[in-house]
Amino acid sequence: MSFQPKALVLPSGANNTSNASGRKPVRRNRLTTFAWEPWALGMALLLAWQFIGGTSSAEGNPLLPSPEIVFQALLSSLPELGRGTVSSLLILLPGYGTALLLGVSLGLLAGTTPRLARTFFPFAKVAAPIPPTVFIPYAIAVLPTFHLSATFVVFLGAFWPIFHNAAAGALAVEGRHRDNAWVLGFTHAEYLRKVVFPASLPHIFSGMAVGLGFSFILLTVAELFGANAGLGRFVQYYADFADYPRMVAGILYTGVVTWGAMSLLEALRHRALFWLR
Amino acid sequence: MSRQPHELSVESVDFAYGGAPVLRDIHLHVAEGEFLALLGPSGSGKSTLLRLIAGLEQPLRGQLSANGVPVTGPGPDRAVVFQHYALFPWMTVGDNIAEAIAKAHPTLSRKERRALAREHLIRVGLGDVAPRHPFELSGGMQQRAAIARALALESPFLLMDEPFGALDPINRARLQDLLVDVWQGQTPRRTVVFVTHDVDEALLLADRVAVMGANPGRIIREYTVPFARPRKRTALFKDAAFHRLRENIAEALDEDTLAHLEAA
C-alpha cells in the first residue's frame with residue numbers, strides 16, 4: 001500500500017482522474033488543508049473557562065470570572081492599559097535596544113578576536129547566569145529614577161543571550177567564508193561587517209528572541225516592585241483590590257502585547273534571513 | 001635555483017595536521033601562463049598543497065613563492081575558486097563580483113564597478129544574473145559566477161580546488177570548456193593550478209599534470225600533456241597517445257597505492 005502524503009494539494013482538474021497507482025486522488029481544497037486543530041483547542045479552552053467561570057451574574061466563580069465579565073473589564077480598562085503599554089514600552093525599547101547594539105557588537109568582536117575571547121568569555125560565564133531579578137531592588141535603591149533602574153534590568157536580561165549568541169555565530173562562521181574574505185583581501189572591519197555579521201544573523205535572531213522574552217519578564221517584575229504605571233503594575237494594582245476580572249484582563253492583554261512583539265521579531269527574521277529559505 | 005617572474009615555486013615543503021604528516025618534501029614549479037593540474041586520490045594532500053600556495057596555511061618546512069615573492073598569506077594576486085560556498089550567499093551575484101573588482105580597481109565608482117561586474121558575468125555566460133542571489137542559481141551557474149569573481153580580481157595566478165566536482169557531467173563539461181575558453185582568451189595568460197581527482201579532466205585541461213600519491217602526500221611524477229589545443233573530447237578519446245598517457249598515469253597511481261598497501 002503506497003503512502004499518500006496528507007498535505008498534498010492537487011490541481012483542481014485532478015478530481016476524477018486516476019493517479020499512477022490507479023486510485024482516485026482525494027480532492028483537496030483550502031478548507032481541508034486549513035489547520036483547524038489549534039482553533040479547536042482554543043475553542044475547547046474557551047468553553048472550559050466558561051464552564052469554570054460560571055455565569056456572568058454575581059454568583060459566578062469569584063476566582064476565575066467568566067469570559068464575559070473579563071471581557072467587560074478589559075474593555076473598560078483599555079485606556080489605562082493603553083497608557084500602561086506606552087509606559088512599559090518606554091522602558092523596554094531603550095533597554096532592549098541598547099542590549100541589542102552592545103550585545104551584537106561585543107559578541108561579534110569577541111567571537112572573532114582570540115584575545116578578546118580569552119579575556120571576556122570566562123567573565124561572561126560567571127556574570128551571565130546571575131538572575132537579573134536580584135538586581136531589581138538594588139537598582140531601584142541606587143539609581144535616581146525607577147525608569148532608569150527598570151531599563152537597566154531589562155538591558156541586563158537581554159544583553160547576555162544576545163551577546164552569547166552573537167559570539168557563537170561569529171565562532172561558527174564557515175571556514176570557506178573566512179578563506180574567501182581573506183583571499184579577497186578584506187580588512188578586519190570589512191570582514192566583520194560584510195561576512196561575520198550576515199553569517200551570524202541566524203544565531204543573533206535566536207538570541208534576540210530569548211532576550212525579548214527575558215525583557216518582558218524582567219520588565220513586568222520590575223514594575224511589580226516600584227512602578228506607578230505599566231502592564232506589570234496594572235495587575236499588581238488590581239490584586240490589591242482583589243479585582244480578579246481586571247487582573248485576568250490585564251494578563252490576557254499583556255499576552256497579546258508580548259505575542260505581538262514576538263511576531264514582529266519573527267517577521268523581521270523572516271525578511272532578514274531571505275537567503276536561508 | 002633561479003626564480004622567474006610570474007612563476008610559482010614550491011621548495012622542500014612539509015605540512016602536517018596535528019602530528020600526522022600530510023605533505024612531505026614537495027618540490028613544484030609552475031611556469032608563467034602554464035595550466036598545471038594536481039591529480040591524485042583523496043588524501044594525497046593536493047587540496048592542502050593548493051591552500052599552501054594560496055597562503056591559507058603555512059608550511060611546516062620549506063618555502064613557497066609567487067612572482068619571486070615569498071607566500072606569507074592570501075592575497076589578491078592568487079585568486080581561489082572553491083568547490084562549495086564559493087560565493088557569499090547574502091550578497092547578490094553582482095555584489096560578490098563587485099567585491100573582487102573593488103580590490104583590483106580601488107578607484108572605480110560604484111556605477112563603474114557594477115558595469116564591470118556585468119562584463120565579467122557576460123564573459124562567463126551569466127549576463128542577466130547580477131541582481132540575483134546565489135541560492136537562486138543552479139550549481140553550474142554558481143560556479144560560473146565564482147569563476148567570474150576570481151577573474152575579476154585580475155590576479156596573475158588562478159587556483160582552483162576541484163571546482164567542478166559537485167556538478168553533473170553535462171555542466172562539468174560545459175564549465176571545463178568555458179574555463180579553457182576564458183583562460184586562453186586572456187593576454188597575458190594567467191597561471192592556473194587546478195586540483196582534480198579526474199584523470200580525463202586533467203588531460204583535457206592542463207599543459208602539465210603533477211600526479212600525487214598519498215601517505216604521505218607527495219608528487220610521484222610529472223607529465224607533460226602533448227595534445228594541441230583546442231582539445232575535443234571525441235578526438236582525444238580516439239587518440240591512442242591519449243590512452244597511453246592515461247594508462248601511464250593510472251599505473252603510476254596504482255603502483256603507488258599498492259606499494260603502500262604492501263608496505264603496511
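Which residue of β8(B) does Asp161(B) stand opposite? In this predicted model, the residue facing Asp161(B) is Val195(B).

Six strands of chain B form an open sheet with mixed pairing, in the order β6-β7-β8-β3-β9-β10. Its edges are β6 and β10 (218-224) of chain B, each of which pairs on one side only. Direction ignored, neighbouring strands of the sheet are turned by 20° against each other on average.

Elsewhere in this order, strand β3 (residues 35-39) of chain B pairs with strand β9 (residues 208-213) of chain B in the parallel sense, over four bridges. Within that pairing, Leu39(B) has Val211(B) of β9(B) as its bridge partner. Helix α4 (residues 139-152) of chain B packs on the sheet and touches β6 and β7 of chain B. The direction of α4(B) makes about 175° with that of β6(B).

Strand β7 of chain B covers residues 157-161 and is mostly covered, since five of its five residues are buried.

On one flank, β7(B) runs parallel to β6(B), and four bridges join the two strands. In this pairing Val80(B) stands opposite Leu159(B). A further parallel pairing, of five bridges, joins β7(B) to strand β8 (residues 191-196) of chain B; here Asp161(B) stands opposite Val195(B). Together with helix α5 (residues 169-184) of chain B, β7(B) and β8(B) make a right-handed β-α-β unit.

## The contact between the chains

The contact draws 18 residues from chain B and twelve residues from chain A. On the side of chain B that touches chain A, β6 (78-81) and α2 (93-104) of chain B each supply at least two residues. The most is given by α2(B), with three residues.

By class, this side of chain B comprises 13 nonpolar, three polar and two charged residues.

## A helix pair in chain A

Helix α9 (residues 231-240) of chain A packs against helix α10 (residues 244-272) of chain A at an angle of about 170°, and their axes are 8 Å apart. The angle therefore makes α9(A) roughly antiparallel to α10(A).

From α9(A), the contact is made by Leu231(A), Phe234(A), Val235(A), Tyr238(A) and Ala239(A). From α10(A), the residues are Arg246(A), Met247(A), Gly250(A), Ile251(A), Thr254(A) and Val257(A). By class, the contact of α9(A) with α10(A) has eight nonpolar, two polar and one charged residues.

## Glu37(A)

Is Glu37(A) buried or exposed? Glu37(A) is exposed, because 8 other C-beta atoms lie within 10 Å, and a residue counts as exposed if that number is 12 or fewer. This residue belongs to helix α2 (residues 37-53) of chain A.

Between Glu37(A) and Leu264(A) the separation is 227 residues in sequence and 24 Å in space, taken C-alpha to C-alpha.

How values were computed. Residues numbered from 1 in each chain as written. Chains lettered and ligands numbered in written order. Predicted model: local features only at pLDDT ≥ 70, side-chain atom pairs only at ≥ 80, totals over all residues. Contact = placed C-beta atoms within 7 Å. Nonpolar A, V, L, I, M, F, W, Y, C, P; charged D, E, K, R; others polar. Buried ≥ 20, exposed ≤ 12 C-beta atoms within 10 Å, placed from the backbone. Pairing = 2+ DSSP bridges. Right-handed = clockwise from strand over helix to strand, strands pointing away. Axes fitted to C-alpha atoms, helices over the stretch in contact; angles between N-to-C directions. Parallel < 35°, antiparallel > 145°, perpendicular 65-115°, else oblique.
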